[in-house]
Amino acid sequence: MDSTSPLYFNGINASTGEYLFPPSSAEALVREVTGQGPLDDPEQDNHLAELRDRFESATTVHFGAKMGIDVNDLAQTGWAVVFPAVRPDTDAARRQDAIAEALMPLLDLRRTQATAQDERFFKIYRGIDGFGGRREENKQRYLAHLGAGPGPADPIKVPYYLLLVGSPEELPYSLQFQLDVQYAVGRLHFDTVEEYAQYARSVVAAETGGLQLARELAMFGVANADDPATQLSARNLVAPLADILTPLVPDWKIRRYEGAQATKANLARILGGDATPALVFTASHGAGFSRGDPLQRAHQGALMCQDWPGPAAWRGPISPDFYFAGEDLRPEARPHGLIMFNFACYGAGTPLYNDYGQRSGAKTREQIADAAFLAALPQRLLAHPGGGALATIGHVERAWGTSFVWRGSGKRTGSTAQLAVFESTIRSLLGGLPVGAALEFFNERYAELASDLSQELEEINFGRKFNAVELADMWTANNDARAYAIIGDPAVRLPLAPVGGAPRPAQTLVLRAATAGPAEPPVQAQAQAQAATVAAAPAEAKAQATVAAAPAEAQAPAPATGDTASTRAPAPGETFGLLARLRGLGGAGEPGPFQLFTEGLLHTVAKTLTDLGNLEVRTFVARDMQVALSDPRHPSAGSELRAFTRVSLGGDLESCVPAGGDGVDAAVWALHVDMVKQAQAHRAELLRALLEATTHLTKPG
Amino acid sequence: MSLEWSSPAGPAALGLLAGPWRRSAVADGDPTEVFRARISDEGPPPLAADPLRTLITASSRLHAAFQPLAPGVVLARAEAELLRALAGDTAGPNLDVGPWLAELARRGTALARVETAFGRSPGVVTTISATGDMEMHMLAEAPAELLMVHRRAVAAALHTRATLLRAALTTAELAALIAAVTGPAAAAVALPLAWRFLHTLLAEANQSPGD
């Protein structure tokens, strides 16, 4: 292959039926690359330097977190959620409050897992700690604000697993890519608050409800006629990867859908249908649309299937029958627990600008969408009301063949396929590693390529002659490696049945009010969801909320409707699943010690959960404590309020101190701050104890 | 610093659960849990091992006890005692611990007051609600040492409350597991068996060096 040989990209413009990006020669690409080198951009320069540092310090055991940290254990890595900074008392702030509330079951679960050893390992970055709250904020400035500099993730400063919650307009893709170099980063963004709640429920149900998926991997490789790009990915990625994995993971059943089998109908069976595996890997074109096309938001990134006859046989706009989009996911699909990995252009999302044009030296960048957005298919998969997928891995922008073939590397082996990164990532996922940690192999590759590329460009800037083909490969590979992104919580992992064990769905519960009257639609929830929902409900409703276990046979992921448990008011002693069954074991008649204890305990738990709201700490200073404390009904009489702090359920912190005069005394303030910290830690412990007990007690025995 | 607590949780548990508190007189008719601290040359009583870790891992210990035993593996004392009792080799406990455990849970979330004395009068008083809201009253120009003692007293009080609640919840969880695994015959004694099991684990942790 020489410098005029074409490079192919995995994207089809569905508006026109043409290739989304025309094949380009290496020479043409190099002209664009060198037209404006990254070194002209100070911010990019910093990022490249960091990447080079990372690459040079990387070892085979280095996965982004600092030495000695087990990335499998959230108690060691920590976990945090990052929201965009929003102005208080705006619609955006109110919507963010609602989203945080919807995610509360997930946040509570992660809090429990991450703070098993150290309270500092769980963070909610909102309010003043949200991203974008400072002028011209970028990744480095943001991390510095949070207390971290470049280098391996130190969970005491900033946890390793970071979940971004916001659109790519609010939390740019560049932030995600750059954070991903040292942290394990995923993103959630949905159109509705209910979708956030649904995702949170799905993850909590998967992790605490006993979901166990069969050890099955689906390899879906499209090879359209007359289409070099998909034939290349089918021949050099999907097929050899399946061959490599088969002997390496003998406990797994690998189902291959290649060529004629890679149809839209089969993909529907894989994504929540009768052939749903634990992990799906696809390689295909991604459907792309021209800016302004009404289908762009809903269909861009959809997976082109074998149904497309290819560029020679098909002219004109691409029919939706040829690709699988978010709206093709049927309501009756059951993708719960699934993780999907797509090699396709825009499979994860679409940036605002053509990243390619940014490098071309043009004065303005080409805008390719009205706003940056996430692909609809991952969104629909994750928020599926029947139980969603846990995460997807996909590409933002275009996907390149250099991801898996490397020019000049086939002389000894006869194949230019380079699959170690894919193989390592997939094996990590199959082995149960959290998805964010599994993707570190791509981040290592990005660091390596970016380091090489920056070095090369530096030399070229000083006049060194360059090899156009090599440089083009480095450039494309660099872009490709950078743009893999996780949609979903980066700490999720495949919930697998034991080797030889049978798969089973998550056990679910029905939450409803105990009052008589018309039955409300039941809400499926896990224990954490129950607690959060109870805590968030209006006081009147909270006082009446109880949790009733659905019968075991009704505890499938399908929405429970009209079952007995959901239409009657449970008696006090049968509010929890396992405990309810134990009551039956005790026999009829007078309540025994166990039931008496259970009722007393549940009363305490329910009352405490009901009362949970904003956490408040007040500090008064008194000249005479006897006077100040003399009237228990008015304990503040004779005292002066000197500091007040309110911490919302979502973690927002609000403090008030007296204005004017001498202000607040340093010693008073120090003690007040310490009390706030203690109160927060105690609240977390209280919540954790209640939720863990609730979770365990509601699990089937 | 000396620490006193108005309402010890119970004779058997206090030594294992409560940490550095001495028992104080219970105020008649006052449902509030009162924790009192004062500056003193006298050191606090010996600190019991922090039971939280034991409480958090207790259910996994219990789960493991019901798993088939690998050849050569010997059960720890708590697990062995439990299995012997379930097998009828020893008399199971007949103590009715239910009301007492419920009281433990109530105390873990009751209204509490932490008082730090300045001479004969309270120097700093913090009230803590069931859900952890705090209201602190401090004497103007209270000495730094007093504030430090109060800070530590509040921390110890909160930890004690959390431990009490956790102990009650863990016992319920263990009892549920025992009854679910062993069936109707054990349901009646599941609660005392669970408490005995947990008590043994706590005693074991208290005797472990380095805790």
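## Chain A: contacts and content

In chain A of this predicted model, contacts between residues at least 6 apart in sequence are counted, and 74% of them join residues at least 24 apart. Chain A has 701 residues, of which 54% count as buried. Its secondary structure comes to 24 helices and 24 strands.

## The ten-stranded sheet of chain A

An open sheet in chain A is built from 10 strands. Their order across the sheet is β5-β4-β6-β7-β18-β17-β14-β10-β8-β9, and the pairing is mixed. At the edges lie β5 (122-125) and β9 of chain A, each of which pairs on one side only. On average, neighbouring strands of this sheet are turned by 20 degrees against each other, with direction ignored.

At the β9 end of that order, strand β8 (residues 216-221) of chain A and strand β9 (residues 253-258) of chain A run parallel and are joined by 6 bridges. Between β8(A) and β9(A) the chain passes through helix α9 (residues 228-248) of chain A, and this β-α-β crossover is right-handed. A:A218 has A:R255 in β9(A) as its bridge partner, and A:G221 stands opposite A:E258 in β9(A).

## Helix α8 of chain A

Helix α8 of chain A covers residues 193-208, which is 16 residues. At 1.5 Å a residue the helix should span 22 Å, and its end C-alpha atoms are 23 Å apart, so the two values agree. The expected figure counts one less than the number of residues.

α8(A) is mostly covered, with 14 of its 16 residues buried. Just after α8(A) comes A:G210, which takes a positive phi of about 80 degrees.

## Chain B: contents and order

Chain B has 211 residues, and 49% of them count as buried. It contains 7 helices and 6 strands. Read from the N terminus, its elements run β-α-β-β-α-α-α-β-β-β-α-α-α. Among contacts in chain B between residues at least 6 apart in sequence, 67% join residues at least 24 apart.

## Helix α4 of chain B

Is helix α4 of chain B mostly covered or mostly uncovered? α4(B) is mostly covered, since 9 of its 12 residues are buried. The buried residues include B:G98, B:L101, B:A102 and B:L104. Also buried in α4(B) are B:A105, B:R106, B:R107, B:G108 and B:T109.

The length of this helix can be checked as well. α4(B) takes in residues 98-109, and at 1.5 Å a residue these 12 residues should span 16 Å. The end C-alpha atoms of the helix are 17 Å apart, which agrees with that expectation.

## Confidence

The model scores ipTM 0.86 and pTM 0.57. For chain B the average pLDDT is 76, and 75% of the residues score at least 70.

Where in chain B is confidence lowest, and where is it highest? The lowest mean, 48, belongs to helix α1 (residues 14-17) of chain B. The highest, 92, belongs to strand β6 (residues 134-139) of chain B. Over residues 9-15 of chain B, pLDDT stays under 50. For residues 9-15 of chain B the model has 10 contacts beyond four places in sequence. Where pLDDT is low, the predicted coordinates should not be read in detail.

Terms used: Residues are numbered from 1 along each chain as its sequence is written. Chains are lettered from A and ligands numbered from 1 in the order in which they are written. This is a predicted model: local features need pLDDT of at least 70, side-chain atom pairs count only at pLDDT 80 or more; totals for chains, interfaces and linings use all residues. pLDDT is the predictor's confidence in each residue, from 0 to 100. Helices (H or I, at least four residues) and strands (E, at least two) are DSSP runs, numbered from the N terminus. Two residues are in contact if their C-beta atoms, placed from the backbone, lie within 7 Å. A residue is buried if 20 or more other C-beta atoms lie within 10 Å of its own, exposed if 12 or fewer, and partly exposed in between; C-beta atoms are placed from the backbone. Two strands pair if DSSP finds at least two bridges between them. A crossover is right-handed if, with the strands pointing away from the viewer, the path from the first strand over the helix to the second runs clockwise. Axes are lines fitted to C-alpha atoms, for helices over the stretch in contact, and angles run from 0 to 180 degrees between N-to-C directions.
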